Amino acid sequence: MCARLHHTDLTTPPTTVFICITYVTSLSSSFKGMASLYVSPHPDDFRSLLALIAAEFCPSPPRALTDEPPASLALHSCPSLVLGDGGSEVLSGASAVGWYLASQGKRTGLDTKQQSQVWQWLSFADNELTPVACAVVFPLLGVLGVDKKLQQSSHAEMIRILKVLDKNLEPKTFLVGESLTLADIAMTTAALLPFKYALEASDREALTNVTRWFLTCVNQPQFVKVLGQISLCEKMVPVISKPGAAPVPPPAVASKTSPTADAADEKPKTEAQLKKEAKNREKLEKFQKKKEMEEKKKQEKKLAPPTEKKAKPEKKELGTISYDVPTPPGEKKDVLRPLPDSYSPQYVEAAWYPWWEKQGYFKPDVSEPNPRGVFMMCIPPPNVTGSLHLGHALTNAIQDCLTRWHRMRGETTLWNPGCDHAGIATQVVVEKKLMRERGMSRHDLGRDQFIQEVWKWKNEKGDRIYHQLKKLGSSLDWDRACFTMDPKLSYAVQEAFIRLHEDGVIYRSKRLVNWSCTLNSAISDIEVDKRELTGRTLLPVPGYKDKVEFGVLVSFAYKIEGSDEEVIVATTRIETMLGDTAVAVHPADPRYQVSTMVVHPFCDRKMPVVFDDFVDVSFGTGAVKITPAHDQNDYEVGNRHNLAFINIMDENGLLINGMKRFEARKAVLQALKDLGQFKEIKDNPMVVPVCSRSKDIVEPLLKPQWYVDCADMGKQAADAVREGRLKIIPDHHLKTWFNWMDNIRDWCISRQLWWGHRIPAYFVTTNILSPSVQDMDGHYWVSGRTEDEAKEKAITLRQDEDVLDTWFSSGIFPFSIFGWPNETQDLSVFYPGTLLETGHDILFFWVARMVMMGLKLTGQLPFKEVYLHAVVRDAHGRKMSKSLGNVIDPLDVITGISLEGLYAQLNDSNLDPVEVEKAKQGQKSDYPSGIPECGTDALRFALCAYTSQGRDINLDVNRILGYRHFCNKLWNAVKFAMRSLGDSFVPSEKAQGVSDRWVLSRLCAAVGLCNAGFQAYDFPAITTAIYNFWLYELCDVYLVTAHLFVCPSLFCQAAVCRQTLYTCLETGLRLLAPIMPFVGEELYQRLPRRQSQDASASIHVTSYPETAEVDRQMDFVMTVVRTIRSLRADYNLTKTRADCYLQCIDSETVTLVEQYSLQIQTLSLSQTVQPVPATGAVPEGCAVAIASDRCTVNLMLKVGGAAFIRASVSFCSYLLWIQC
């Protein structure tokens, strides 16, 4: 029996499925010995390939054997898995073996629901795709005879089945959940033969989602290891063997029929094998008879008189339609023209945003208090240097949806825009520009002129991000846009520094900092990339011609003073031994119980052996060299033991003698070898700190810097969360918050840059040689006409050259944008804010600092809630990186871009040629045809649909295209509905009806889900509610039934239907407006208005729908419809209308069926629908399924064509091929 797969089919599997799942899974805990996997050696045996790929995901894969299995396995089909050393338990068949192996690798679903979905796809692969794939491909491989007509019909059936799969993959990257599962393995191996031999390029173009998914799967390392590189079919032709070579038969057959086989070596067949062969022959004979009958019917059909068939209309591709009506910026779009035939983002998104701006829809009204409350959120200010990527797009999609929702709820709503000056990034960009265009450095220009150049660049290039934000539909109040270097914000930064310095919170100290020798500046932790090495690795370093060696551990000896004994130490940075001032050992280490001194080999420096608990006794010799001035741990040891701090290099990474630090590494190593104190070098896994801006190796360097004492502020921030005054969502980030706040270190806020807020601190010097308490000496007196003139002669003030860390100005952003420290109206209305929404990766660097600074400087929390969204990764789970070619500009997704266009962007980037080629390969793999035009609404909807409250989002750009198709369905639904409403339609205030009450209840449920989702920041729940209502309840059900009543003969019912239809359209558009603002506005403007909404010029200033009373009467009807649909699919009656008999348990249910018989008949595509009492008789020949405890469905069976029989013949031929 074939089981068609529908959206509604992925429910609880049968009890037998659960028993099988439970049994197979339980075996994994029973057998821990080495397992043996017997597979076919044939390269196209996809059932064996399924097992082999699943085995690659196992922590301990079984032995894969292609030998003849032992006699005890004769009755078991291939593949077979022998568990344990004794072989007492055997699993056979691809599904059982695959499930066991996949469960070992946690690839069978995260919960019971996902496991049932995985099992459904296994069934779909076995019963649907595999038989028809064999029917198409086996004739090409020579396994079956070639019948062109039969092959053509089978090919059409295969395309139909793959389109079912394509529709299921439309909004997904993988079949079940967000990661690869056994469902993907089974379906990929079932589709392997078609993709290799039968699906030509034109077929693959029609199956965009399937092709994208298939390539994603087969390029996973586990698949590549088993399958190698897959070559896709260019043309469907028979596979021709090489000249002089015989066709390759199945291996089992070859071993038994080869004329060169040694008959003496052939083992006698067991009784079980003989029975199995006889059974297979019997099956084959039966199928051959069926095949002959099928051919006979075909011949009879040919002789029958021809019947005319209606030509199927060609499916139109979504094209590009432009809005070409001249509309001055800010003027309303022409909505009197008829809607285009299909949805086009270019047409829909034109002209609306400037009109929204001019109408002031994004500006809050603060003239009087609003009883509905205030919603205020500030944007995480993006860097002025760059352009937005999909991570920023996610941030802004979420924030704009929330902002629009609160605005439609009638609250005074402000989303405040801004841009960050990005000290290091901006200075690097302008310095490179100066050098490239004028051959000058910033030092050649001088500080003042260089800062003027930066401002010039900012004024020319700095608005790109604002342009992108507007293209994304962000409803920001642009009149309040601010830049962190603006006078208002700069004054706030200065005031914050001075207040904190006067309170003793800011102080100056000489400590170790992260130092970039290329930038000549300290950098923050977030600007340090952690490069993990597994062993010896050569890395490029700016300023060095040759790559530098990292990932090795060098051991050498220090001589003990006055003795021939020595202490062996090890280091990954041998050059730093020049600054060693001690050797540390653990106080409990029995090897080192006597305090002694060691001698530095290159000078007369005597260094103590100190005892410290931080030493790991088990690492190396248990002795550690201590370099307090160049290592954070050593710095703390040096402080505890009052050691000398010796700085061996300057700000440029040069040693005292002028030698570069990594050249000194080689010199020191050679000198130790010459002295005989070198011991060994070995590979050492390590983490190398790399500056994200300059790609230089970060050096811990001892420098005087300005610091913020965070101990008290960190405690207040932690207490605010513990006491519930500040809420962090999702709450799994609380552990990180408390870990940081409870163990917070002081914050280094000075940077050795020119671009930024110059630190308002002055160093005081005197022009007097030395102070003196005596007043007789004329040398210590100065004359002056005024006291100020005398001060100028006696005292000189020198402002610090450094600037403040960018995060300092960002830390006061929530209140500096409103004029703090001045008491302004905006500050009193909008501070504290309502919400901060951002990525969890800057929870400490930005969120924590805003909380600390807000509490310290204003006495209030800057916001009440923090919502942290996930970090966006690519479809393969990789971090977005320019060198991988997976950093995508959201504008390229909105407007589309060719592969050549993506290449051009890489060529214009700062990547080196090697990285450019690597990135091009990544782009070619992910976007072989470029990125199609998806539009803003589809991008926003996809981003919100992905936003589960987790840590990472694997975003497949191709999946966004599926939501453009959703927009097209909305478009067509509204066009169809408007034709049904008619030009003279006038909406009333209320609507009611029969099925109307049901669809209104579904609408009400969707409204409730959306509002609950916004309140809980559950964006996938919102998108799912909208998607399901529009597609599965309004379009699939109500529009189908409503047109039955919209006719003159049913005038009263038609009027009710039209009112209900209008309510669904108007409310449904308001539901999706916060997420899809452009298509929502475009379609809303075409609808007539109810009197209560005449004043609403835009959908974005209407009220967001609220829930009403729910009528669930039609749920029973839909349960019956789904049951009938499922039976039709099971028995391949997809093109046949069958009679349906609904046996009801009581008279009430009979009445309900009679009332809704027309809807049930229409939605289930039944010939007739007849209620049958509980005691009534049902005709024979019906398939039976229980719809509910009140009703049983009986569907009259009819033979549904020969396609299923042909597929079954081919599939059984395949079984015989691989088993005999």
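Let's begin with Pro730, which sits in the loop between strand S23 (727–729) and helix H24 (734–742). Those labels are DSSP runs numbered from the N terminus: a helix is H or I with at least four residues, and a strand is E with at least two. Bear in mind that this is a predicted model, where local features need pLDDT of at least 70, side-chain atom pairs count only at pLDDT 80 or more, and totals for chains, interfaces and linings use all residues. Residues are numbered from 1 along each chain as its sequence is written, and side-chain values use heavy atoms, with hydrogens and water left out.

Next comes Pro832, in the loop that runs between helix H28 (825–830) and strand S29 (835–839). Here Tyr831 and Pro832 are linked by a cis peptide bond, and omega is about 0 degrees.

Now for phi. Tyr1017 isn't a glycine, yet its phi is positive, about 60 degrees. You'll find Tyr1017 in the loop between helix H35 (995–1016) and helix H36 (1019–1045). Leu1165 isn't a glycine either, and its phi is positive at about 55 degrees. Leu1165 belongs to the loop between helix H41 (1157–1164) and strand S34 (1168–1172).

Are these two buried or exposed? Tyr1017 has 7% relative accessibility, so it counts as buried. Leu1165 has 38%, so it counts as partly exposed. The cut-offs are under 20% relative accessible area for buried, over 50% for exposed, and in between for partly exposed (1.4 Å probe, protein chains only).
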